[in-house]
Amino acid sequence: MKFTEEHEWLRVEDDLVVVGITEHASEQLGDIVFVELPEEGTEVSKDDEVVVIESVKAASDILAPLDGEIVEVNEAIVNDPGKVNEDPLGDGWFFKMKVEDLSVLDDLMDEAAYKDFIG
Amino acid sequence: MGDLERTVFYDLHVELGAKMVPFAGYEMPVQYPMGVMKEHLHTREQAGLFDVSHMGQVILRGAGAAGALESLVPVSILGLAEGRQRYALFTDEDGGILDDLMVANRGDHLFLVVNAACKAADVAHMQAKIGAACEIEVITDRALLALQGPKAEAALSALVPQAADMRFMDVAILPSDFGDLWISRSGYTGEDGYEISVADDQAVAFARALLALEGVAPIGLGARDSLRLEAGLCLYGNDIDTTTSPVEAALEWAIQKIRRTGGERAGGFPGAERILAELDNGAARRRVGLLPEGRAPMRAGTKLFADEAADTPIGEITSGAFGPSIGRPMSMGYVPTELAAEGTRLFAEVRGKRLPATVSAMPFRPSTYKR
(Lines give C-alpha, C1' and ligand atoms only; values in the text may rest on other atoms or scores of the structure.)
Protein backbone atom coordinates (compact mmCIF):
# COMPACT_ATOMS: atom_id res chain seq x y z
CA MET A 1 0.00 0.00 0.00
CA LYS A 2 1.21 3.51 -0.89
CA PHE A 3 0.30 6.89 0.60
CA THR A 4 0.09 10.52 -0.52
CA GLU A 5 0.67 13.74 1.40
CA GLU A 6 -3.07 14.36 0.92
CA HIS A 7 -3.68 11.38 3.25
CA GLU A 8 -4.91 9.03 0.56
CA TRP A 9 -3.92 5.38 0.29
CA LEU A 10 -3.44 3.55 -3.02
CA ARG A 11 -3.46 -0.19 -3.52
CA VAL A 12 -3.02 -2.08 -6.79
CA GLU A 13 -5.71 -4.69 -7.40
CA ASP A 14 -6.13 -6.45 -10.78
CA ASP A 15 -4.02 -3.76 -12.50
CA LEU A 16 -6.30 -1.02 -11.16
CA VAL A 17 -5.41 1.48 -8.45
CA VAL A 18 -7.89 1.47 -5.56
CA VAL A 19 -7.98 4.80 -3.68
CA GLY A 20 -9.28 5.72 -0.24
CA ILE A 21 -8.38 7.93 2.72
CA THR A 22 -6.17 6.91 5.60
CA GLU A 23 -7.26 6.17 9.15
CA HIS A 24 -5.44 9.33 10.21
CA ALA A 25 -7.48 11.41 7.73
CA SER A 26 -10.74 9.77 8.78
CA GLU A 27 -9.99 10.51 12.44
CA GLN A 28 -9.08 14.12 11.70
CA LEU A 29 -12.22 14.67 9.62
CA GLY A 30 -14.56 13.21 12.21
CA ASP A 31 -17.84 11.48 11.38
CA ILE A 32 -18.38 11.60 7.63
CA VAL A 33 -21.98 12.36 6.64
CA PHE A 34 -21.82 12.96 2.88
CA VAL A 35 -19.77 11.67 -0.04
CA GLU A 36 -20.02 12.79 -3.66
CA LEU A 37 -18.15 10.56 -6.12
CA PRO A 38 -17.14 11.21 -9.74
CA GLU A 39 -18.86 9.52 -12.68
CA GLU A 40 -17.35 6.26 -13.81
CA GLY A 41 -15.41 6.87 -17.02
CA THR A 42 -14.16 10.34 -16.01
CA GLU A 43 -10.63 11.14 -17.17
CA VAL A 44 -8.77 12.93 -14.38
CA SER A 45 -5.43 14.65 -13.93
CA LYS A 46 -3.37 14.47 -10.76
CA ASP A 47 -4.68 16.97 -8.17
CA ASP A 48 -8.12 17.37 -9.81
CA GLU A 49 -10.84 17.60 -7.18
CA VAL A 50 -12.65 14.33 -7.76
CA VAL A 51 -14.53 13.60 -4.54
CA VAL A 52 -16.31 15.85 -2.06
CA ILE A 53 -16.69 14.59 1.48
CA GLU A 54 -18.41 16.34 4.33
CA SER A 55 -17.94 15.47 7.94
CA VAL A 56 -19.86 16.76 10.94
CA LYS A 57 -17.27 19.55 10.94
CA ALA A 58 -16.67 20.69 7.35
CA ALA A 59 -16.45 19.90 3.65
CA SER A 60 -13.19 18.66 2.12
CA ASP A 61 -12.03 17.77 -1.37
CA ILE A 62 -10.27 14.57 -2.26
CA LEU A 63 -7.77 15.04 -5.08
CA ALA A 64 -6.93 12.59 -7.82
CA PRO A 65 -3.58 11.09 -6.74
CA LEU A 66 -2.51 10.28 -10.32
CA ASP A 67 -3.46 10.90 -13.95
CA GLY A 68 -5.89 8.31 -15.23
CA GLU A 69 -9.50 7.19 -15.67
CA ILE A 70 -12.02 6.58 -12.90
CA VAL A 71 -13.36 3.13 -13.80
CA GLU A 72 -15.35 2.24 -10.69
CA VAL A 73 -16.73 4.12 -7.68
CA ASN A 74 -17.90 2.79 -4.31
CA GLU A 75 -21.62 3.62 -4.27
CA ALA A 76 -21.94 1.95 -0.86
CA ILE A 77 -20.25 4.92 0.86
CA VAL A 78 -22.67 7.35 -0.80
CA ASN A 79 -25.57 5.52 0.84
CA ASP A 80 -23.70 4.97 4.12
CA PRO A 81 -20.90 7.56 4.52
CA GLY A 82 -20.15 6.18 8.00
CA LYS A 83 -18.42 3.22 6.32
CA VAL A 84 -15.48 5.54 5.58
CA ASN A 85 -14.91 6.05 9.32
CA GLU A 86 -15.59 2.42 10.20
CA ASP A 87 -13.25 0.86 7.67
CA PRO A 88 -11.25 3.51 5.80
CA LEU A 89 -8.70 1.03 4.44
CA GLY A 90 -11.28 -1.58 3.40
CA ASP A 91 -15.03 -1.14 2.77
CA GLY A 92 -14.58 2.63 2.84
CA TRP A 93 -12.62 2.82 -0.44
CA PHE A 94 -13.56 5.66 -2.80
CA PHE A 95 -12.78 4.75 -6.42
CA LYS A 96 -10.68 2.59 -8.73
CA MET A 97 -8.46 4.18 -11.40
CA LYS A 98 -6.87 2.87 -14.57
CA VAL A 99 -3.41 4.43 -14.97
CA GLU A 100 -1.07 4.11 -17.94
CA ASP A 101 1.99 3.11 -15.99
CA LEU A 102 1.73 1.58 -12.53
CA SER A 103 5.39 2.42 -11.83
CA VAL A 104 4.32 6.01 -10.93
CA LEU A 105 3.27 4.53 -7.60
CA ASP A 106 6.91 3.89 -6.79
CA ASP A 107 7.39 7.61 -6.09
CA LEU A 108 4.75 7.61 -3.34
CA MET A 109 5.34 7.03 0.36
CA ASP A 110 5.29 3.54 1.82
CA GLU A 111 3.65 2.90 5.17
CA ALA A 112 6.78 3.70 7.22
CA ALA A 113 7.34 6.97 5.34
CA TYR A 114 3.68 7.95 5.78
CA LYS A 115 3.86 7.23 9.51
CA ASP A 116 6.87 9.56 9.72
CA PHE A 117 4.99 12.13 7.65
CA ILE A 118 2.02 12.29 10.05
CA GLY A 119 4.40 12.24 13.02
CA MET B 1 -4.25 29.56 22.06
CA GLY B 2 -3.16 32.87 23.65
CA ASP B 3 -5.51 35.12 25.60
CA LEU B 4 -8.24 32.50 25.71
CA GLU B 5 -10.01 31.93 29.00
CA ARG B 6 -10.54 28.51 30.51
CA THR B 7 -13.45 27.23 32.53
CA VAL B 8 -12.90 25.48 35.84
CA PHE B 9 -13.36 22.17 33.97
CA TYR B 10 -10.39 22.64 31.60
CA ASP B 11 -8.18 19.98 33.21
CA LEU B 12 -11.10 17.55 33.39
CA HIS B 13 -11.83 18.05 29.67
CA VAL B 14 -8.21 17.31 28.81
CA GLU B 15 -8.19 14.28 31.12
CA LEU B 16 -11.33 13.00 29.35
CA GLY B 17 -9.55 13.29 26.00
CA ALA B 18 -11.42 16.33 24.67
CA LYS B 19 -10.31 18.18 21.58
CA MET B 20 -10.19 21.80 22.71
CA VAL B 21 -11.03 24.68 20.36
CA PRO B 22 -11.44 28.44 20.74
CA PHE B 23 -15.09 29.42 21.18
CA ALA B 24 -16.39 32.83 22.28
CA GLY B 25 -13.06 33.67 23.90
CA TYR B 26 -12.75 30.36 25.75
CA GLU B 27 -10.92 27.10 25.15
CA MET B 28 -13.83 24.68 25.00
CA PRO B 29 -14.24 20.96 24.23
CA VAL B 30 -15.61 20.51 20.70
CA GLN B 31 -15.68 16.74 21.08
CA TYR B 32 -14.47 13.86 23.23
CA PRO B 33 -13.10 10.54 21.95
CA MET B 34 -16.68 9.27 21.37
CA GLY B 35 -17.01 11.75 18.47
CA VAL B 36 -19.72 14.25 17.52
CA MET B 37 -22.20 11.78 16.01
CA LYS B 38 -22.12 9.29 18.89
CA GLU B 39 -22.16 12.09 21.47
CA HIS B 40 -25.30 13.48 19.85
CA LEU B 41 -27.03 10.09 19.86
CA HIS B 42 -25.85 9.35 23.39
CA THR B 43 -27.53 12.57 24.61
CA ARG B 44 -30.80 11.59 22.89
CA GLU B 45 -30.71 8.04 24.24
CA GLN B 46 -29.08 8.45 27.67
CA ALA B 47 -27.64 11.62 29.18
CA GLY B 48 -25.03 14.16 28.11
CA LEU B 49 -23.07 16.48 30.39
CA PHE B 50 -22.06 19.81 28.83
CA ASP B 51 -19.73 22.46 30.21
CA VAL B 52 -21.54 25.75 29.55
CA SER B 53 -19.54 27.74 32.11
CA HIS B 54 -18.49 30.19 29.41
CA MET B 55 -22.02 31.59 29.51
CA GLY B 56 -22.70 34.61 31.68
CA GLN B 57 -24.57 34.35 34.99
CA VAL B 58 -26.05 37.59 36.30
CA ILE B 59 -28.27 38.46 39.25
CA LEU B 60 -30.59 41.48 39.28
CA ARG B 61 -31.69 42.60 42.74
CA GLY B 62 -34.09 45.21 44.06
CA ALA B 63 -37.81 45.88 44.10
CA GLY B 64 -37.64 47.47 40.66
CA ALA B 65 -35.62 44.73 38.95
CA ALA B 66 -38.43 42.98 37.04
CA GLY B 67 -39.92 46.26 35.81
CA ALA B 68 -36.48 47.53 34.86
CA LEU B 69 -35.62 44.39 32.88
CA GLU B 70 -38.97 44.69 31.06
CA SER B 71 -37.72 47.98 29.61
CA LEU B 72 -35.01 46.00 27.75
CA VAL B 73 -36.92 42.89 26.60
CA PRO B 74 -40.27 42.38 24.79
CA VAL B 75 -41.11 39.72 27.37
CA SER B 76 -43.31 39.68 30.47
CA ILE B 77 -40.92 39.62 33.42
CA LEU B 78 -43.38 41.10 35.94
CA GLY B 79 -45.67 38.19 35.06
CA LEU B 80 -42.99 35.54 35.59
CA ALA B 81 -43.97 33.51 38.65
CA GLU B 82 -41.51 32.78 41.44
CA GLY B 83 -39.65 29.54 40.76
CA ARG B 84 -40.13 29.84 37.00
CA GLN B 85 -37.85 30.68 34.10
CA ARG B 86 -38.54 31.99 30.61
CA TYR B 87 -36.72 32.76 27.36
CA ALA B 88 -36.11 36.43 26.59
CA LEU B 89 -34.40 38.70 24.06
CA PHE B 90 -32.49 41.93 24.51
CA THR B 91 -33.59 44.12 21.59
CA ASP B 92 -32.02 47.29 20.20
CA GLU B 93 -33.64 50.55 19.09
CA ASP B 94 -33.93 49.22 15.51
CA GLY B 95 -35.77 46.11 16.67
CA GLY B 96 -32.73 43.84 16.17
CA ILE B 97 -31.66 41.20 18.70
CA LEU B 98 -28.68 42.02 20.96
CA ASP B 99 -28.74 38.63 22.68
CA ASP B 100 -31.09 35.86 23.74
CA LEU B 101 -31.14 34.80 27.35
CA MET B 102 -32.92 32.92 30.12
CA VAL B 103 -34.53 34.82 32.99
CA ALA B 104 -35.51 33.10 36.24
CA ASN B 105 -37.58 34.57 39.07
CA ARG B 106 -35.98 33.38 42.30
CA GLY B 107 -38.18 35.32 44.70
CA ASP B 108 -36.10 38.24 45.90
CA HIS B 109 -34.03 38.46 42.70
CA LEU B 110 -33.85 37.58 39.01
CA PHE B 111 -31.20 35.19 37.70
CA LEU B 112 -30.11 35.61 34.08
CA VAL B 113 -28.04 33.32 31.85
CA VAL B 114 -26.65 35.07 28.75
CA ASN B 115 -24.47 34.03 25.82
CA ALA B 116 -20.69 33.94 26.32
CA ALA B 117 -19.88 36.14 23.33
CA CYS B 118 -22.41 38.78 24.42
CA LYS B 119 -21.99 38.79 28.19
CA ALA B 120 -19.73 41.84 28.49
CA ALA B 121 -21.97 43.86 26.17
CA ASP B 122 -25.14 42.64 27.93
CA VAL B 123 -23.83 43.69 31.33
CA ALA B 124 -22.73 47.10 30.00
CA HIS B 125 -26.15 47.51 28.35
CA MET B 126 -27.97 46.71 31.60
CA GLN B 127 -25.68 48.93 33.66
CA ALA B 128 -26.25 51.86 31.29
CA LYS B 129 -30.01 51.44 30.95
CA ILE B 130 -31.25 49.98 34.24
CA GLY B 131 -28.23 50.25 36.56
CA ALA B 132 -29.99 52.95 38.58
CA ALA B 133 -33.16 50.90 39.02
CA CYS B 134 -31.64 47.65 40.28
CA GLU B 135 -28.41 46.13 41.53
CA ILE B 136 -26.55 44.13 38.86
CA GLU B 137 -24.23 41.39 40.11
CA VAL B 138 -22.14 39.40 37.64
CA ILE B 139 -21.48 35.94 39.06
CA THR B 140 -17.81 35.07 38.54
CA ASP B 141 -17.30 32.25 41.04
CA ARG B 142 -19.76 29.68 39.73
CA ALA B 143 -19.57 27.18 36.88
CA LEU B 144 -22.52 26.09 34.74
CA LEU B 145 -23.28 22.57 33.54
CA ALA B 146 -26.10 21.24 31.38
CA LEU B 147 -27.27 17.67 31.90
CA GLN B 148 -29.53 16.64 29.04
CA GLY B 149 -31.33 13.54 27.87
CA PRO B 150 -33.80 10.88 29.02
CA LYS B 151 -31.51 9.69 31.85
CA ALA B 152 -30.84 13.22 33.15
CA GLU B 153 -33.60 13.07 35.75
CA ALA B 154 -32.45 9.75 37.20
CA ALA B 155 -28.85 10.93 37.26
CA LEU B 156 -29.35 14.31 38.91
CA SER B 157 -31.91 13.02 41.38
CA ALA B 158 -29.40 10.38 42.52
CA LEU B 159 -27.41 13.32 43.91
CA VAL B 160 -30.26 15.80 44.52
CA PRO B 161 -33.56 13.90 44.97
CA GLN B 162 -35.79 17.00 44.80
CA ALA B 163 -34.65 17.65 41.22
CA ALA B 164 -37.08 14.94 40.08
CA ASP B 165 -40.05 17.03 41.24
CA MET B 166 -39.20 19.96 38.94
CA ARG B 167 -41.10 20.52 35.69
CA PHE B 168 -39.85 22.11 32.45
CA MET B 169 -38.72 25.71 33.15
CA ASP B 170 -38.94 25.36 36.95
CA VAL B 171 -35.99 26.79 38.88
CA ALA B 172 -34.84 25.97 42.41
CA ILE B 173 -31.87 26.40 44.71
CA LEU B 174 -31.26 22.96 46.20
CA PRO B 175 -28.71 22.00 48.85
CA SER B 176 -26.34 19.14 48.00
CA ASP B 177 -23.00 17.56 48.92
CA PHE B 178 -21.56 20.08 46.45
CA GLY B 179 -23.03 23.16 48.08
CA ASP B 180 -26.15 24.96 46.93
CA LEU B 181 -26.96 24.10 43.34
CA TRP B 182 -28.90 26.61 41.24
CA ILE B 183 -30.98 24.31 39.09
CA SER B 184 -33.36 24.91 36.21
CA ARG B 185 -35.19 22.17 34.35
CA SER B 186 -34.23 23.38 30.91
CA GLY B 187 -31.48 23.24 28.34
CA TYR B 188 -30.81 23.77 24.68
CA THR B 189 -30.95 20.32 23.10
CA GLY B 190 -34.69 19.62 22.80
CA GLU B 191 -34.28 17.01 25.53
CA ASP B 192 -35.58 16.92 29.06
CA GLY B 193 -32.79 17.91 31.39
CA TYR B 194 -31.27 20.52 33.64
CA GLU B 195 -28.89 23.42 33.76
CA ILE B 196 -27.00 23.54 37.02
CA SER B 197 -24.92 26.38 38.45
CA VAL B 198 -22.37 25.14 40.99
CA ALA B 199 -19.70 26.96 43.01
CA ASP B 200 -16.31 26.83 41.26
CA ASP B 201 -14.61 25.09 44.20
CA GLN B 202 -17.15 22.21 44.14
CA ALA B 203 -17.73 22.11 40.39
CA VAL B 204 -15.18 19.50 39.32
CA ALA B 205 -16.18 17.11 42.12
CA PHE B 206 -19.83 17.58 41.13
CA ALA B 207 -19.10 16.93 37.44
CA ARG B 208 -17.11 13.79 38.35
CA ALA B 209 -20.00 12.57 40.50
CA LEU B 210 -22.41 13.05 37.59
CA LEU B 211 -20.06 11.36 35.11
CA ALA B 212 -19.80 8.36 37.44
CA LEU B 213 -23.56 7.78 37.17
CA GLU B 214 -25.08 5.31 34.75
CA GLY B 215 -25.58 6.67 31.25
CA VAL B 216 -23.87 10.05 31.76
CA ALA B 217 -21.14 10.96 29.24
CA PRO B 218 -19.32 14.24 28.54
CA ILE B 219 -20.53 15.95 25.36
CA GLY B 220 -18.77 18.67 23.36
CA LEU B 221 -19.84 21.76 21.47
CA GLY B 222 -20.03 19.87 18.17
CA ALA B 223 -22.92 17.71 19.33
CA ARG B 224 -24.44 20.64 21.22
CA ASP B 225 -24.79 22.39 17.86
CA SER B 226 -26.46 19.50 16.02
CA LEU B 227 -28.74 18.85 19.02
CA ARG B 228 -29.97 22.45 19.20
CA LEU B 229 -30.43 22.58 15.43
CA GLU B 230 -32.55 19.40 15.42
CA ALA B 231 -34.58 21.07 18.18
CA GLY B 232 -35.08 24.14 15.94
CA LEU B 233 -33.32 26.44 18.43
CA CYS B 234 -31.43 29.56 17.36
CA LEU B 235 -27.71 30.07 17.84
CA TYR B 236 -27.00 33.72 18.58
CA GLY B 237 -24.54 35.12 16.04
CA ASN B 238 -25.69 32.61 13.38
CA ASP B 239 -29.47 32.56 13.27
CA ILE B 240 -30.22 35.76 15.17
CA ASP B 241 -28.28 38.98 15.64
CA THR B 242 -28.80 42.75 15.43
CA THR B 243 -29.87 42.44 11.77
CA THR B 244 -32.81 40.14 12.61
CA SER B 245 -35.95 41.13 14.48
CA PRO B 246 -37.81 38.73 16.80
CA VAL B 247 -40.67 38.43 14.28
CA GLU B 248 -38.32 37.77 11.36
CA ALA B 249 -36.67 35.14 13.56
CA ALA B 250 -40.06 33.47 14.19
CA LEU B 251 -39.69 34.05 17.93
CA GLU B 252 -43.16 35.59 18.45
CA TRP B 253 -43.89 32.83 20.95
CA ALA B 254 -41.40 34.50 23.31
CA ILE B 255 -43.45 37.76 23.34
CA GLN B 256 -46.42 37.46 25.68
CA LYS B 257 -49.75 39.15 24.83
CA ILE B 258 -49.35 41.62 27.67
CA ARG B 259 -46.36 43.24 25.87
CA ARG B 260 -48.12 43.36 22.48
CA THR B 261 -50.44 46.00 21.03
CA GLY B 262 -53.60 46.10 23.17
CA GLY B 263 -51.82 44.46 26.13
CA GLU B 264 -51.65 46.07 29.58
CA ARG B 265 -47.89 46.64 29.31
CA ALA B 266 -47.65 46.91 25.51
CA GLY B 267 -44.36 48.23 24.13
CA GLY B 268 -41.89 49.99 26.35
CA PHE B 269 -38.87 48.02 25.13
CA PRO B 270 -36.19 49.02 22.58
CA GLY B 271 -37.40 48.72 18.99
CA ALA B 272 -41.04 48.40 20.12
CA GLU B 273 -42.39 50.41 17.19
CA ARG B 274 -40.99 48.00 14.60
CA ILE B 275 -41.54 44.83 16.61
CA LEU B 276 -45.18 45.63 17.47
CA ALA B 277 -45.89 46.54 13.84
CA GLU B 278 -44.33 43.27 12.66
CA LEU B 279 -46.37 41.31 15.23
CA ASP B 280 -49.52 42.87 13.75
CA ASN B 281 -48.62 42.82 10.05
CA GLY B 282 -45.84 40.26 9.70
CA ALA B 283 -42.26 40.86 8.58
CA ALA B 284 -40.92 40.77 5.02
CA ARG B 285 -38.78 37.70 5.72
CA ARG B 286 -38.88 34.81 8.11
CA ARG B 287 -36.62 32.19 9.66
CA VAL B 288 -37.66 28.74 8.46
CA GLY B 289 -36.49 25.16 8.69
CA LEU B 290 -35.19 23.56 5.49
CA LEU B 291 -34.75 19.89 4.72
CA PRO B 292 -32.40 19.21 1.77
CA GLU B 293 -33.72 16.51 -0.55
CA GLY B 294 -30.31 14.88 -0.93
CA ARG B 295 -27.62 14.03 1.57
CA ALA B 296 -25.41 17.09 1.04
CA PRO B 297 -25.47 19.34 4.12
CA MET B 298 -26.36 22.98 3.36
CA ARG B 299 -24.29 25.03 5.76
CA ALA B 300 -24.34 28.60 7.08
CA GLY B 301 -23.77 31.16 4.33
CA THR B 302 -25.28 29.00 1.57
CA LYS B 303 -27.41 31.15 -0.75
CA LEU B 304 -31.05 30.24 -1.43
CA PHE B 305 -32.86 30.70 -4.74
CA ALA B 306 -36.55 30.52 -5.70
CA ASP B 307 -35.80 28.19 -8.62
CA GLU B 308 -32.98 26.39 -10.37
CA ALA B 309 -32.21 29.17 -12.85
CA ALA B 310 -32.79 32.37 -10.83
CA ASP B 311 -29.87 34.83 -10.80
CA THR B 312 -30.62 36.62 -7.55
CA PRO B 313 -30.64 34.84 -4.21
CA ILE B 314 -33.82 35.24 -2.14
CA GLY B 315 -32.28 34.24 1.16
CA GLU B 316 -29.47 32.54 3.00
CA ILE B 317 -28.92 29.60 5.30
CA THR B 318 -27.79 30.58 8.80
CA SER B 319 -27.20 27.11 10.32
CA GLY B 320 -26.83 23.75 8.66
CA ALA B 321 -25.55 20.34 9.66
CA PHE B 322 -26.22 16.64 9.49
CA GLY B 323 -28.90 15.62 12.00
CA PRO B 324 -27.79 12.31 13.55
CA SER B 325 -31.20 11.58 15.11
CA ILE B 326 -33.17 12.35 11.94
CA GLY B 327 -30.56 10.65 9.74
CA ARG B 328 -30.42 13.46 7.20
CA PRO B 329 -29.08 16.99 6.79
CA MET B 330 -31.08 19.96 8.09
CA SER B 331 -30.78 23.73 7.91
CA MET B 332 -32.42 26.90 9.00
CA GLY B 333 -32.32 30.22 7.22
CA TYR B 334 -34.19 33.34 6.17
CA VAL B 335 -36.54 33.53 3.17
CA PRO B 336 -39.14 36.06 1.98
CA THR B 337 -42.39 35.51 3.91
CA GLU B 338 -44.24 34.57 0.69
CA LEU B 339 -41.81 31.64 0.34
CA ALA B 340 -41.91 30.65 4.00
CA ALA B 341 -44.90 28.28 3.88
CA GLU B 342 -44.17 24.66 4.82
CA GLY B 343 -43.70 22.56 1.72
CA THR B 344 -42.26 25.38 -0.41
CA ARG B 345 -39.48 23.97 -2.59
CA LEU B 346 -36.37 26.17 -2.82
CA PHE B 347 -32.86 25.69 -4.20
CA ALA B 348 -29.58 26.12 -2.38
CA GLU B 349 -26.33 26.68 -4.23
CA VAL B 350 -23.81 24.12 -2.97
CA ARG B 351 -20.43 23.99 -4.75
CA GLY B 352 -21.93 25.66 -7.84
CA LYS B 353 -24.91 23.31 -8.04
CA ARG B 354 -28.53 24.18 -7.29
CA LEU B 355 -29.84 21.52 -4.92
CA PRO B 356 -33.50 21.33 -3.80
CA ALA B 357 -34.63 21.79 -0.21
CA THR B 358 -38.12 22.01 1.26
CA VAL B 359 -39.33 24.49 3.87
CA SER B 360 -40.19 22.32 6.87
CA ALA B 361 -41.64 22.66 10.35
CA MET B 362 -39.27 22.85 13.29
CA PRO B 363 -38.26 21.22 15.54
CA PHE B 364 -36.93 18.65 13.07
CA ARG B 365 -37.11 16.15 15.89
CA PRO B 366 -39.93 16.48 18.48
CA SER B 367 -38.72 17.82 21.81
CA THR B 368 -39.15 15.77 24.96
CA TYR B 369 -39.46 18.43 27.66
CA LYS B 370 -41.15 17.27 30.88
CA ARG B 371 -44.01 19.77 31.07
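A polar contact is here a pair of N or O atoms within 3.5 Å, where, within protein, one must be able to donate a hydrogen and the other to accept it. In this predicted model, 7 residue pairs are in polar contact between chain A and chain B, counting pairs with both residues at pLDDT 80 or more. On the side of chain A that touches chain B, the elements that give two or more residues are β4 (32-36), β6 (49-55) and α2 (76-79) of chain A, and the largest share, 4 residues, comes from β4(A). By class, that side of chain A has 9 nonpolar, 2 polar and 4 charged residues.

The wider interface can be described in terms of contacts and area. In contact across it are 15 residues of chain A and 13 residues of chain B, and the area buried between the two chains is about 1200 Å², with carbon and sulfur atoms giving 49% of that area. The rule finds 3 salt bridges across the interface of chain A and chain B; one of them joins Glu54(A) to Arg299(B), with the closest N and O atoms 2.7 Å apart.

Side chains of opposite charge can pair when their charged atoms come close. Glu70(B) forms a salt bridge with Arg259(B), the closest N and O atoms being 3.6 Å apart. Because Glu70(B) lies in helix α3 (residues 65-70) of chain B and Arg259(B) in the loop between α7 (221-230) and α8 (272-281) of chain B, the pair ties together parts that are 189 residues apart in sequence. Glu70(B) has a relative accessible area of 5% and is buried, and Arg259(B), with a relative accessible area of 2%, is buried as well.

Another pair is Asp170(B) with Arg84(B), whose closest N and O atoms are 2.7 Å apart in a salt bridge. This pair links distant parts of the chain, with Asp170(B) in the loop between α5 (152-159) and β10 (171-174) of chain B and Arg84(B) in the loop between α3 and β5 (85-91) of chain B, 86 residues apart. Asp170(B) counts as buried at 18% relative accessibility, whereas Arg84(B) is partly exposed, with a relative accessible area of 31%.

The side chains of Glu248(B) and Arg285(B) also meet in a salt bridge, at 3.2 Å from N to O. Here Glu248(B) is in the loop between α7 and α8 of chain B and Arg285(B) is in strand β14 (residues 285-292) of chain B, so that the pair links distant parts of the chain, 37 residues apart. Glu248(B) counts as buried at 8% relative accessibility, while Arg285(B) is partly exposed at 28%. In chain A, salt bridges that share partners join Arg11(A), Glu13(A), Glu72(A) and Lys96(A) into one network.

The UniProt annotation "binding site", from an unreviewed entry, covers Glu195(B), which is placed in strand β12 (residues 193-199) of chain B and counts as buried at 10% relative accessibility. Leaving aside neighbours within four places in sequence, the residues in contact with Glu195(B) include Leu145(B), Trp182(B), Tyr188(B) and Arg224(B). Thr43(B) lies in helix α2 (residues 36-45) of chain B and counts as buried at 0% relative accessibility.

Technical notes: Residues are numbered from 1 along each chain as its sequence is written. Chains are lettered from A and ligands numbered from 1 in the order in which they are written. This is a predicted model: local features need pLDDT of at least 70, side-chain atom pairs count only at pLDDT 80 or more; totals for chains, interfaces and linings use all residues. Side-chain values use heavy atoms; hydrogens and water are left out. Contact means heavy atoms within 4.5 Å. Buried area is the accessible area (1.4 Å probe) that two parts lose on being put together, summed over both. A salt bridge is a side-chain nitrogen of Lys or Arg within 4 Å of a carboxyl oxygen of Asp or Glu. A polar contact is a pair of N or O atoms within 3.5 Å; within protein, one must be able to donate a hydrogen and the other to accept it, and residues adjacent in sequence count only if both atoms are side-chain atoms. Ala, Val, Leu, Ile, Met, Phe, Trp, Tyr, Cys and Pro count as nonpolar, Asp, Glu, Lys and Arg as charged, and the others, Gly among them, as polar. UniProt positions are given in the numbering used here, feature names are shortened, and annotations may be inferred rather than shown by experiment. Buried means under 20% relative accessible area, exposed over 50%, partly exposed in between (1.4 Å probe, protein chains only).
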